[in-house]
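Please walk through the structure shown here, one region at a time.

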Amino acid sequence: GLDTVLTFDVEVSMPEVTITTEDGEDFICLGQEGTLLVVPFDPDCEYSWSTGETGSTIIVMPEVNTTYTVTCIDANGCEASDEFTLMVTQPTCNEEDIFVPTAFSPNGDNVNDVLYVRSKFVETLDFQIVNRWGEEMFRTNDINVGWDGTYNGEPLSPDVYAFRVEAGCINGDSYTVAGNVLLIK
């Protein structure tokens with residue numbers, strides 16, 4: 001007799017899933033949002049996260065180091081999963097996290113023209129600048145508002161000015177620092 005060869009195509013599905021972050025980092029600062037996403041994105045996958053959310057991307061804002069898991073179930077019912085630990089950097093609410101430059105040059109060249117308090121963790125702020133006679137030249141409660149080296153709209157001459165920062169951080173701590181800043185042209 002004649003041998004008949006039957007061939008079958010067997011589709012083996014092996015979904016792949018890896019969690020990464022939008023910026024490729026495995027940490028965020030307390031109070032910041034982190035975006036977790038799945039690579040490679042597989043349109044056949046139904047993604048479910050340990051947070052109860054679905055979809056290939058979730059936005060998280062953990063207060064402590066947290067491990068997230070995602071599971072992909074594809075059209076054939078095959079499963080793959082991955083876990084990812086997002087570390088949360090806690091604020092120290094001191095000179096490591098709250099920074100005032102020692103000099104600035106408000107000369108209109110767009111480099112270091114404005115003096116800002118820099119911090120990722122400050123929730124409340126009182127930032128004050130006085131001249132050498134103790135007269136207040138500038139004051140703000142908004143970390144996004146800096147001093148442009150003027151007083152009553154007039155540019156001040158190069159000199160040493162004193163600053164004082166009272167900051168309240170998102171973790172409830174507070175920090176006060178005073179010092180001098182050099183206004184140069």
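Ile-184 counts as partly exposed because its relative accessibility is 36%, and partly exposed covers the range between under 20% for buried and over 50% for exposed. The model is a predicted one. Ile-184 sits in the segment that follows strand S14 (174–183). Together with Val-160 and Leu-182, Ile-184 makes a nonpolar surface patch of about 200 Å².

Glu-22 is another surface position. Its relative accessible area is 63%, so Glu-22 is exposed. The residue belongs to the loop between strand S1 (18–21) and strand S2 (27–29). Once residues up to four places away in sequence are set aside, Glu-22 touches Thr-35 and Leu-37. Val-38 is 16 residues from Glu-22 along the chain, and the C-alpha atoms of these two residues are separated by 9.9 Å.

Is Asp-126 buried or exposed? With a relative accessible area of 17%, Asp-126 is buried, because buried means under 20%. Asp-126 is placed in strand S9. Its side chain is joined to that of Arg-139 by a polar contact of 2.7 Å. Apart from neighbours within four places in sequence, Asp-126 is in contact with Arg-139, Thr-140 and Asn-141, and also with Arg-164, Val-165 and Glu-166.

The aromatic residues come next. How many aromatic pairs does a search of the whole structure find? The search finds four. One of them is formed by Phe-127 and Phe-138, whose ring centres are 5.9 Å apart; their planes are at 80°, so this pair is edge-to-face, as planes over 60 degrees apart count as such. Phe-127 lies in strand S9 (residues 122–130) and Phe-138 in strand S10 (residues 136–140), so the pair ties together parts 11 residues apart in sequence. Both Phe-127 and Phe-138 are buried.

Trp-147 and Tyr-161 also pair: their ring centres are 5.2 Å apart and their planes are at 75°, so this pair is edge-to-face. The pair links distant parts of the chain, 14 residues apart, with Trp-147 in the loop between S10 and strand S11 (150–151) and Tyr-161 in strand S13 (residues 159–169). Trp-147 is buried, as is Tyr-161. With Phe-104, these two residues, Trp-147 and Tyr-161, form one aromatic cluster.

How values were computed. Residues numbered from 1 in each chain as written. Predicted model: local features only at pLDDT ≥ 70, side-chain atom pairs only at ≥ 80, totals over all residues. Heavy atoms only, no water. Phe/Tyr/Trp six-rings, centres within 6.5 Å; stacked < 30°, edge-to-face > 60°. Helix = DSSP H or I, 4+ residues; strand = E, 2+ residues; numbered from the N terminus. Buried < 20%, exposed > 50% of the residue type's maximum accessible area, 1.4 Å probe, protein only. Polar contact = N/O pair within 3.5 Å; in protein donor to acceptor, adjacent residues only side chain to side chain. Contact = heavy atoms within 4.5 Å. Patch = residues over 30% accessible without salt bridge, like charges linked within 9 Å, V, L, I, M, F, W, Y side chains within 5 Å. Areas by Shrake-Rupley, 256 points an atom, 1.4 Å probe, with all protein chains shown as cover. Salt bridge = Lys/Arg side-chain N within 4 Å of Asp/Glu carboxyl O.
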